[in-house]
Amino acid sequence: NDSAISFFLNNAGIASVARHLETPVDVIERLIALNVTATTRLALAAGRAFVARKSGTIVNMASIVAYNPERFNAVYGGSKAFLLALSHALTKQLNENGVTIQTVLPGATRTEIWERAGTDVDAKIPSEKIMNVDEMVDAALKGLELGERITIPSLPDAQDLADVEAARLKLGPNLSWAHPAERYR
């Protein structure tokens, strides 16, 4: 609860490039421990400290696979979708208390995560699809400056994301009723 800390970058994470059903259980457990449990504990600790001071910024580094999990390892995609959902859930309470939260969803980015996952990113993904980490960070910071709560550094048209979010929120009023929808009767 160091009052000098006002910006928290939640960037802990590991990946697996193993096929979904062939991912070793110990890899799954380590991935969940870091990508879900640790990131949650860190986000909540930062959130509690920042809310108590009524100021601060939390940036959760997720991945585009939070929206497009079919593109990568299932457990990794699920962990990044969890982080996006956590950010959505925390947004209102944090914002009401003077805290900003942003979730960054980069596509393939040239970082050491690939090597640590046991693959060569250049052999796996075409070079025109891999962003340089400095450009990704600059875009994420610009997104934060623009007030974006979700930043997808490579997405050309911000309206596409706005449309997805509007559609997601439109579902809200009809997600819980006492009886099934007419089509299920």
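Visitor: What makes strand S2 (residues 56-61) count as largely enclosed by the rest of the structure?
Guide: First, keep in mind that this is a predicted model. Six of the six residues of S2 are buried, so the strand is largely enclosed by the rest of the structure. Gly 56, Ile 58 and Asn 60 point one way, Thr 57, Val 59 and Met 61 point the other way, and all are buried.

Visitor: Why would side chains of a strand point two ways?
Guide: In a regular strand, side chains alternate between the two faces of the sheet.

Visitor: How do you know that Asn 97 is buried or exposed?
Guide: Buried means under 20% relative accessible area. Asn 97 has 15%, so Asn 97 is buried. You will find Asn 97 in the loop between H2 and S3. Leaving out residues up to four places away in sequence, Asn 97 touches Val 51, Lys 54 and Ser 55.

Visitor: What makes S1 and S2 a pair of strands?
Guide: Pairing asks for at least two bridges between the strands. Strand S1 (residues 7-10) and S2 have four bridges, in the parallel sense, so by that cut-off they pair. One place to look is Phe 8, whose bridge partner in S2 is Ile 58.

Visitor: And how many bridges join S2 to S3?
Guide: Six bridges join these strands, which run parallel. Gly 56 stands opposite Val 99 in S3, and Met 61 stands opposite Val 104 in S3.

Visitor: Which strands are called edge strands, and what makes them so?
Guide: The open sheet of four strands has the order S1-S2-S3-S6, with parallel pairing. S1 and strand S6 (150-151) are its edge strands, as each pairs on one side only.

Visitor: Which helices lie across this sheet?
Guide: H1 lies across S1, S2 and S3, running at about 170 degrees to S1. H2 lies across S1, S2, S3 and S6, and its angle to S3 is about 160 degrees.

Visitor: Why is a group of residues called a nonpolar core?
Guide: The name applies because its members are buried residues of nonpolar kinds such as Val, Leu, Ile and Phe, joined through side-chain atoms within 4.5 Å. The largest such core has 20 residues, and those with the most contacts inside it are Phe 50, Ile 58, Leu 94, Val 99, Leu 105 and Ile 150. Helix H1 (25-53), helix H2 (74-96) and strand S3 (99-104) each supply at least two residues of this core. A second, separate core has six residues, including Val 59, Met 61, Val 104 and Ala 140.

Visitor: What is Phe 50 in contact with?
Guide: Setting aside neighbours within four places in sequence, the contacts of Phe 50 include Ile 5, Phe 7, Phe 8, Thr 57, Ile 58 and Val 99.

Visitor: Finally, how many helices and strands does the chain have?
Guide: There are six helices and six strands, and along the sequence they follow the pattern β-α-β-α-β-β-α-α-β-α-β-α. Of the 185 residues, 35% count as buried. Among contacts between residues at least 6 apart in sequence, 66% join residues at least 24 apart. The chain exposes about 11400 Å², with carbon and sulfur atoms supplying 56% of it.

Methods. Residues are numbered from 1 along each chain as its sequence is written. This is a predicted model: local features need pLDDT of at least 70, side-chain atom pairs count only at pLDDT 80 or more; totals for chains, interfaces and linings use all residues. Side-chain values use heavy atoms; hydrogens and water are left out. Buried means under 20% relative accessible area, exposed over 50%, partly exposed in between (1.4 Å probe, protein chains only). Contact means heavy atoms within 4.5 Å. Axes are lines fitted to C-alpha atoms, for helices over the stretch in contact, and angles run from 0 to 180 degrees between N-to-C directions. Accessible areas come from the Shrake-Rupley method with a 1.4 Å probe; for residues, only the protein chains shown count as cover.
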